[in-house]
Amino acid sequence: MQRFMITDNSDIVRKVGKRILSELDFLVSEASNAAEALQHCQAELPEYLIVDSGMEGALDLIAAIRAMDGGKEVKIYYCVIEADLKKLMAGKRAGATDFLLKPFDRKILTAVFGNRAIAA
């Protein structure tokens with residue numbers, strides 16, 4: 001089972017994402033801030049990571065994970081509330097693999113991650 005971490009300040013976003021991704025056969029963990037996420041990743045890197053762009057330290061978290069041993073293999077999704085080119089480019093420069101628009105729902109998460117869970 002592939003590991004997935006959702007890092008977001010919002011309990012609701014984390015809970016909804018965890019429920020949907022668990023149903024897609026991911027082993028899902030949560031972090032409410034960048035420091036907590038970094039601590040989890042130092043213990044065990046997930047295969048997939050969602051990082052909320054509005055969270056303090058989001059870009060530093062992405063860069064820190066990329067600098068870890070094995071960190072370049074993590075698929076990091078920078079989660080934004082609007083397609084702001086400046087914010088998207090900052091995420092890409094920090095090392096984000098791709099982007100997700102918020103709020104996400106079952107249809108979006110299934111479309112993006114459904115086949116990845118099955119392929120593993």
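Strand E4 (residues 75–80) and strand E5 pair in the parallel sense over four bridges; two strands count as paired if DSSP finds at least two bridges between them. Within this pairing, Cys-79 has Leu-100 of E5 as its bridge partner. Helices (H or I, at least four residues) and strands (E, at least two) are DSSP runs, numbered from the N terminus. The model is predicted: local features need pLDDT of at least 70, side-chain atom pairs count only at pLDDT 80 or more, and totals for chains, interfaces and linings use all residues. Residues are numbered from 1 along each chain as its sequence is written, and side-chain values use heavy atoms, with hydrogens and water left out.

**The sheet and the helices on it**

Strands of a sheet pair through backbone hydrogen bonds, either parallel or antiparallel. Here five strands form an open sheet with parallel pairing, in the order E2-E1-E3-E4-E5. Strand E2 (26–31) and strand E5 (98–101) are the edge strands, each pairing on one side only. From one strand to the next, the twist averages 25°.

Helix H1 (residues 11–23) packs on the sheet and touches strand E1 (2–7) and E2; the direction of H1 makes about 170° with that of E2. Contact means heavy atoms within 4.5 Å. Helix H2 lies across E1 and E2 and runs at about 140° to E2. Axes are lines fitted to C-alpha atoms, for helices over the stretch in contact, and angles run from 0 to 180 degrees between N-to-C directions.

**Two helices in contact**

Two packed helices are described by the angle between their axes and the distance between the axes. The axes of H2 (residues 34–43) and H3 (residues 58–67) come within 10 Å and cross at roughly 10°. H2 is therefore roughly parallel to H3; angles under 35 degrees count as roughly parallel, over 145 as roughly antiparallel, 65 to 115 as roughly perpendicular and the rest as oblique. Ala-34, Ala-37, Leu-38 and Cys-41 of H2 meet Leu-61, Ala-64 and Ile-65 of H3. By class, this contact has seven nonpolar, no polar and no charged residues. Ala, Val, Leu, Ile, Met, Phe, Trp, Tyr, Cys and Pro count as nonpolar, Asp, Glu, Lys and Arg as charged, and the others, Gly among them, as polar.

**Residues in loops**

Buried means under 20% relative accessible area, exposed over 50%, and partly exposed in between (1.4 Å probe, protein chains only).

| Residue | Relative accessibility | Class |
|---|---|---|
| Ser-53 | 13% | buried |
| Asp-25 | 48% | partly exposed |

Ser-53 sits in the loop between strand E3 (48–52) and H3. Apart from neighbours within four places in sequence, Ser-53 is in contact with Ala-58, Tyr-78, Cys-79, Val-80 and Lys-87. Asp-25 is in the loop between H1 and E2, and has a positive phi of about 75° although it is not a glycine. Pro-103 lies in the loop between E5 and helix H5 (106–119). The peptide bond from Lys-102 to Pro-103 is cis, with omega near 0°.

**The whole chain**

The protein chain has five helices and five strands. From the N terminus on, its elements run β-α-β-α-β-α-β-α-β-α. Its radius of gyration is 13 Å, close to the 14 Å that the globule rule gives for 120 residues, so the chain is as compact as a globular protein of that length. This radius is taken over C-alpha atoms, and the rule is 2.2 Å times the number of residues to the power 0.38. Of the 120 residues, 45% are buried.
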